[in-house]
Amino acid sequence: MVNKLCFVDGCQTRSDQENGPATFFRPPKDSFDEWKKIFPEKTLLQTSRLCWKHFAEEDIVKGKMIGQEFVHQERRRLKKGAKPTLLLVQDRPPGVSDDR
């Protein structure tokens, strides 16, 4: 498995967490420029990944209704127009660099 790291400075979320895989999202192509403005001090790339901790719960699609039953989807996605808004500035532990 490829080891994924969250783009947000100081965020320690990784794809290899003991509690299971973490959920990451890439910037959507249609709102990439808006996302870049959220992180002016870093170079956000189309391939950058942000973990679920930086999005409001209501911005993450976890499944869909089929009839009267909610069916969870294994692959979560963001609602159209969702942007990272939570925990964007975090204290970086000593020894952790900006190289991501």
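Begin by selecting H72, an exposed residue with a relative accessible area of 59%. The model in view is a predicted one. H72 belongs to strand β4, and residue G63 stands opposite H72. Apart from neighbours within four places in sequence, H72 is in contact with K62 and G63. H72 is called exposed because its relative accessible area of 59% is over the 50% cut-off.

**The hairpin**

Together β3 and β4 form a hairpin with 2 residues between them. In the turn, select G67, where phi is positive at about 65°. In a regular strand, side chains alternate between the two faces of the sheet.

Next, move to the segment after β4, where L87 is located. L87 has a positive phi of about 50°, although L87 is not a glycine.

**The largest pocket**

Which residues line the largest pocket? Select K4, A22, T23, F24, F25, R26, R49, E74, R75, R76, R77 and L78 to display the lining. The space within this pocket comes to about 400 Å³. By residue class, the lining divides into 4 nonpolar, 1 polar and 7 charged.

The greatest contribution is that of β4, with 5 residues.

**The loop between α1 and β2**

Now select T43, in the loop that runs between α1 (32-38) and β2 (50-51). Is T43 buried or exposed? T43 is exposed, since its relative accessible area is 63% and the cut-off is over 50%.

Display F7 alongside T43. The two residues are 36 positions apart in sequence, with a C-alpha to C-alpha distance of 9.6 Å. When residues up to four places away in sequence are not counted, T43 touches F7 and S48.

**The whole chain**

Clear the selection and view the complete chain, which contains 1 helix and 4 strands. Followed along the sequence, these elements give the pattern β-α-β-β-β. Of the 100 residues, 31% count as buried. Among contacts with a separation of 6 or more, 54% are between residues 24 or more positions apart.

**Confidence**

Finally, colour the model by pLDDT. The average over the chain is 82, and 81% of the residues score at least 70. Select residues 91-100, over which pLDDT stays under 50. For this stretch the model has 17 contacts beyond four places in sequence. Where pLDDT is low, the predicted coordinates should not be read in detail.

Technical notes: Residues numbered from 1 in each chain as written. Predicted model: local features only at pLDDT ≥ 70, side-chain atom pairs only at ≥ 80, totals over all residues. Heavy atoms only, no water. pLDDT = per-residue confidence, 0-100. Contact = heavy atoms within 4.5 Å. 1 Å grid on protein atoms, 1.4 Å probe; cavity = no way out; pocket = protein on both sides within 12 Å on 5 of 7 lines; lining within 4 Å. Points joined across faces, edges and corners; volume = space filled by probe spheres on them. Nonpolar A, V, L, I, M, F, W, Y, C, P; charged D, E, K, R; others polar. Pairing = 2+ DSSP bridges. Buried < 20%, exposed > 50% of the residue type's maximum accessible area, 1.4 Å probe, protein only.
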